[in-house]
Amino acid sequence: MNYQETLSWMFNRLPMFQNQGGKALNHKLDNIQALTAILDHPEKKFKSLHIAGTNGKGSSSHMLASVLQQAGYKVGLYTSPHLKDFRERIKINGIEIPESDVITFIEKHKSFFEENHLSFFEMTVGLAFDYFAKQQVDIAVIEVGLGGRFDSTNIINPEISLITNISKDHMDILGNTLPEIATEKAGIIKKNTPIVISEYNELTAPIFIKKAKEENAPIIFASYISTVLKTDLQGIYQEKNIKGVIAVLDFLRNNFWEISDNDIETGLLNVVKNTGLRGRWQTLSERPKIVCDTGHNEAGLSYVIEQISQQSFEKLHIVLGFAKDKDVNSALDMFPKNATYYFCKPNIPRGLDVQILYEIATKKGIKGKAYDSVKNALEAAKKNAKPEDFIFVGGSTFVVAEIV
């Protein structure tokens, strides 16, 4: 198989959360443990950091990778989902895994995947760990895919773990309340391993404190950190993410990792350059100003709406689409009514039908038109917008993926 054929096999043959939602998950670690066993346990051959959370885990992972890379380390970075190409999920010092390595890994273990019914995410995690071990990275930043307790990444023994923002998302899988969701995230807290919590929340803090005590894990609430450090990642939400990142870096520095003040400052200001991260309050054009953001749940969208309100413009245009497992009614209640909307459906099976979105929005007094693709919706917005207007594109990671 060539690279595209390999990807097609991976995406179409095996369950994938991005396509199928909750039914792609099996709530156990048996498969990934079986896979890493035949791979000779690559997860034990490199040091790691483990990052979980509802929002901010991707940004935080990329910030940490950038700083460590700036400090001269060979840094693996595993994140999900990807925006354009599958290989974005697995990088070393900002360079994506070669296509040939993806092809070779899948071909070598294809029969095992089929016989044991491994999920897309399980075999992808195995690929990442195998690649990082063979490339002898100094450290790998590993982002949780979903939840934490039963996530396939949760077989590593990291130097330190980080849990970012906790908010309502994937409630059909993780629970309906913040404490229930926090319980799943707290599953990454391991015995005698420090845990950083980026944001203090009175509803979730007791969950983390209890789990940390059970595991004899030192716990640090980073929201009390005061810093003037900035990052090139845009979005007001980065102010909270950066505190958790600093807490993790402080721990590493206190444990004989050579990371200078300049490494931290420069690394935080060069995240996009060092790691290639896209889609976080990313500016696509200046006149009219076009910005996209991957925020897609209650907390993420609240930051997006707040940031939109701080912009200067004559008219506001919003290109909007969602995945169908999101609470669209609640999400739409957050958006301003004094904007022109361009509704669309991200081009994945999980995408919410644009006519359904249009009808829900219309009932709420949100005015706009439905378009048959994200591209056509954005083109219509650009055609209607004047240079002094502002266009926002978002609602789903998969909407952003089609235009960056």
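View 1. Not counting residues up to four places away in sequence, Ser 198 touches Leu 162, Ile 163, Thr 164, Ala 222, Ser 223, Lys 240, Asn 241 and Gly 244, a contact being heavy atoms within 4.5 Å. The model is a predicted one, in which local features need pLDDT of at least 70 and side-chain atom pairs count only at pLDDT 80 or more, whereas totals for chains, interfaces and linings use all residues. Residues are numbered from 1 along each chain as its sequence is written, and side-chain values use heavy atoms, with hydrogens and water left out.

**View 2. Leu 64 in helix α4.** Leu 64 belongs to helix α4 (residues 57–70) and, at 0% relative accessibility, counts as buried. When its neighbours within four places in sequence are left aside, Leu 64 is in contact with Leu 49, Ile 51, Val 141, Leu 162, Val 245, Val 248 and Leu 249. The C-alpha atom of Leu 64 is separated by 40 Å from that of Gly 368, which is 304 residues apart from Leu 64 along the chain.

**View 3. The aromatic pair of Trp 281 and Phe 390.** The structure holds 19 aromatic pairs, for which rings of Phe, Tyr and Trp (its six-membered ring) must have centres within 6.5 Å, with planes under 30 degrees apart counted as stacked, over 60 as edge-to-face and the rest as tilted. In one of these pairs, the ring centres of Trp 281 and Phe 390 are 6.3 Å apart and the planes are at 25°, so the pair is stacked. Trp 281 lies in the loop between α12 (271–275) and β9 (282–286), and Phe 390 lies in strand β14 (residues 390–394), so the pair ties together parts that are 109 residues apart in sequence. Trp 281 is buried, with a relative accessible area of 4%, and Phe 390 also counts as buried, at 1% relative accessibility.

**View 4. An aromatic cluster.** Phe 46, Phe 129, Tyr 131 and Phe 132 together form one aromatic cluster.

Note on methods: Helices (H or I, at least four residues) and strands (E, at least two) are DSSP runs, numbered from the N terminus. Buried means under 20% relative accessible area, exposed over 50%, partly exposed in between (1.4 Å probe, protein chains only).
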